[in-house]
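Hello,

Here is the structure I promised to pass on. Please look it over before you read my notes.

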Amino acid sequence: MTETINIDVHPIEQSRIDSIDFDNLVFGRSFADHMLVIDYENGAWQTPQIVPYGPISFGPAMMSLHYGQAIFEGMKAYRSVDGDITVFRPSENLKRLNKSAVRMCMPEIPEDTFLEGLSELLRIDSAWIPDKPGCSLYIRPFMFSTDEYVGVSPSKTYKFIIFNCPVGAYYTKPLRVRVETTYIRSAHGGVGFSKNAGNYGGSLYPTKLANDAGYDQIIWTDASEHRYVEEAGTMNLMFIINGALVTAPTGDTILDGVTRKSVIQIAKDMGVKVEERPLSVTELIEGIKDGSVQEAFGAGTAAVIAPIATIASEGIDYDLPERPADAFSRKVYEEINGIRLGKIEDTRDWVYRIKE
Ligand SMILES: *Cc1c(COP(=O)(O)O)cnc(C)c1O
């Protein structure tokens, strides 16, 4: 690929890769050697820098710490069977980052800057892409405001950074989740559709209560009535009900997941009926009881497909059936994983390939 943007590269003197135990990767705890840093000043993005991963300094009045202009994304890089580095639909993540940016009064990132900066960073740290099954290099792009100023208003300066983490599985066993009917994640007119840091800060306390009660995650319900299923943690929720794929429609309260939209497309291509419609908690629980709910799973970049074993509602645990060998959630995982690794032909043009 020909580079059309300038990137200043300051390589690390001594790689840290030998200190990483690639056989026992804990999600999000190890960081690859370099990061991409782009500053926004005087109304423009400055020259991207690739520098060693490490601390950055800031003043205590840095606005993002006080007023929450902070947004992020999550993607994964794989080593394909033909040797290329592959990233799954990164332009979709950029579109969403820019949607989040607009909602939070932050500057948008041009696509060529994003893709070329990412490509160069991945080339430099390509040795960090794990090649074990189920492992990948998790990519964390994020942006935050950097003005030092006390006053609630949009900052004039920002930092955009991408760093990478070699990771293993996000969840190691099927999930126990609890329907949340006290706390809310997002409301109409709010910021639920954006991946902004505050959404996750607000989720910690209700999630902790659920964790303390023995559940891995909560199922968020709509803010006005707590009647309809929305999503869970950092995953969209999907169900197989009477053979159809059922998932909540994305609006302004639900994050428009790249995994979600990919699963929907694969289902359609497989001839599975797709219903994007509100699903009430009552319908879900009745359906588990009468056997019409055959599968429940979360869909998101970090976990990819996370099967759900148990759903709790109003103090009662309802168990989903064991997943058969030909379960939809297994087939769709195999398809997504196969496309990323280059083992299944990428007929939908989803894979972004980076040559070294
Ligand atoms: C990131 C995220 C998702 C999943 O989105 P993907 O693009 O599939 O990774 C779903 N819900 C929430 C709240 C998220 O933050």
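The model is predicted: local features need pLDDT of at least 70, side-chain atom pairs count only at pLDDT 80 or more, and totals for chains, interfaces and linings use all residues. Residues are numbered from 1 along each chain as its sequence is written, and side-chain values use heavy atoms, with hydrogens and water left out.

Ligand site. The shell around the ligand has 15 residues (a heavy atom within 4 Å). Nearest are Lys 195, Tyr 200, Glu 231, Thr 259 and Thr 301. A polar side-chain atom of Glu 231 sits 2.5 Å from a ligand nitrogen. Thr 259 places a polar side-chain atom 2.6 Å from a ligand oxygen. For Thr 301, a side-chain N or O atom is also 2.6 Å from an oxygen atom of the ligand. The ligand alone exposes 380 Å² (Shrake-Rupley, 1.4 Å probe), and the protein buries 98% of that. Strand 13 (235-241) and helix 5 (258-269) each give at least two shell residues (DSSP runs: helices H or I, at least four residues; strands E, at least two). By type, the shell has four nonpolar, seven polar and four charged residues, with Tyr and Cys among the nonpolar and Gly among the polar.

Backbone. Arg 89 is not a glycine, yet has a positive phi of about 50°. Arg 89 lies in the loop between strand 7 (85-88) and helix 2 (90-103). Arg 89 is buried (under 20% relative accessible area), at 14%. Cys 105, also not a glycine, has a positive phi of about 60°. Cys 105 is in the loop between helix 2 and helix 3 (111-124).

Best wishes

Conventions:
Buried means under 20% relative accessible area, exposed over 50%, partly exposed in between (1.4 Å probe, protein chains only). A polar contact is a pair of N or O atoms within 3.5 Å; within protein, one must be able to donate a hydrogen and the other to accept it, and residues adjacent in sequence count only if both atoms are side-chain atoms.
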